[in-house]
Amino acid sequence: MSGCGKVRAWQVPLRLITGAFILHSGMEKWDGPDEQAQGVHGMARQSFPFLENIDAPRFLRLLAAGEIALGAALLTPAVPTRLAGAALTGFAGSLMAVYAQTPGLRKEGSVWPTPDGIGVSKDSWLLAIGLALTLSPREKHLKNLKHLKQLKHAKDVRDAKRHGRHQQHGPRCRPEQHAGGGERLKQAKELAKTLPQGGHSHHHAHRHGPAHARKACPAHR
């Protein structure tokens, strides 16, 4: 889908699987216990200090609502793919920020996760999917490219046909287009000017003989 309500085939599994996973995750958090709320809130506020002003249960509920909305957007064909992809990219980017700044999730001096950080590090796949959906070409752009290819193909076909007629000396081929053709045409015109006004050439007189009468010749009728 690129702003016209159409989802392309390669986008279907990305939107379907990712959307279902995020939607389920949000529904699980909606009525999560206090222990879960404290743990999620503690990790998030290390990367985003402004979250300290929000209590843990409320933060967990807000996070759950955001995941439900994002999952539903990915699963709804009417939502443009690029818009849903941008939302997924922002969500996954925030998860990667938490992974990068939370102690114990990464090996020291490395981007690779510790055993405790494997679950969070896998959210990098969500970031890749979000970028792929966001950067997908617009439907109108694809149609323009297809139209340009068709025009180029039609032009190549016309050029090939025109070149074939030229090689075969077809009816549209003029003598002056060939090597020496223009010179021969000029010589023929000069020769025509030297013929007698009566229309008889030397070849005509030789053919009919000197006694040939002008009135008997079909050329004078």
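**Figure 1. Ala 97 in helix H4 of the predicted model.** Ala 97 is found in helix H4. Its contacts, leaving aside residues up to four places away in sequence, are Ser 47 and Phe 48. The C-alpha atoms of Ala 97 and Ala 44 are separated by 9.0 Å, and these two residues are 53 apart along the chain. Ala 97 is also among the H4 residues that meet H2.

**Figure 2. Contact of H2 with H4.** From H2, the residues shown are Met 43, Ala 44, Gln 46 and Ser 47. They meet Ala 97, Val 98 and Gln 101 in H4. The two axes come within 8 Å and cross at roughly 85°. Angles of 65 to 115 degrees count as roughly perpendicular, and H2 and H4 are therefore roughly perpendicular to each other. By residue class, the contact of H2 with H4 holds four nonpolar and three polar residues, with no charged residue.

**Figure 3. Contact of H1 with H4.** On the H1 side are Gln 11, Arg 15, Thr 18 and Ile 22. The H4 side consists of Thr 81, Ala 84, Leu 88 and Phe 91. H1 and H4 pack at an angle of about 45°, and their axes are 12 Å apart. The pair is therefore classed as oblique. The crossing of H1 past H4 is left-handed. Residues of the contact of H1 with H4 divide into four nonpolar, three polar and one charged.

**Figure 4. Contact of H1 with H6.** Here H1 contributes Gln 11, Leu 14, Arg 15 and Thr 18. Their partners in H6 are Leu 126, Ile 129 and Leu 133. The axes of H1 and H6 come within 11 Å, and they cross at roughly 135°. What orientation do H1 and H6 therefore have to each other? Angles over 145 degrees count as roughly antiparallel and those of 65 to 115 as roughly perpendicular; H1 and H6 are therefore oblique to each other. H1 passes H6 in a left-handed crossing. Four nonpolar residues, two polar and one charged make up the contact of H1 with H6.

**Figure 5. The largest pocket and the residues around its centre.** The volume of the largest pocket is about 850 Å³. Its lining is made of 31 residues. Lying nearest the centre of the pocket are Lys 29, Glu 67, Phe 91, Leu 95 and Asp 123.

**Figure 6. Helices and residue classes in the lining of the largest pocket.** Which elements give two or more residues to the lining of the largest pocket? They are helix H1 (11-30), helix H2 (34-47), helix H3 (56-75), helix H4 (81-101) and helix H6 (124-134). H1 supplies the largest share of this lining, 10 residues. By class, the lining of the largest pocket has 20 nonpolar residues, six polar and five charged.

Note on methods:
Residues numbered from 1 in each chain as written. Predicted model: local features only at pLDDT ≥ 70, side-chain atom pairs only at ≥ 80, totals over all residues. Heavy atoms only, no water. 1 Å grid on protein atoms, 1.4 Å probe; cavity = no way out; pocket = protein on both sides within 12 Å on 5 of 7 lines; lining within 4 Å. Points joined across faces, edges and corners; volume = space filled by probe spheres on them. Helix = DSSP H or I, 4+ residues; strand = E, 2+ residues; numbered from the N terminus. Nonpolar A, V, L, I, M, F, W, Y, C, P; charged D, E, K, R; others polar. Axes fitted to C-alpha atoms, helices over the stretch in contact; angles between N-to-C directions. Parallel < 35°, antiparallel > 145°, perpendicular 65-115°, else oblique. Left-handed = near helix turned anticlockwise from the far one by under 90°. Contact = heavy atoms within 4.5 Å.
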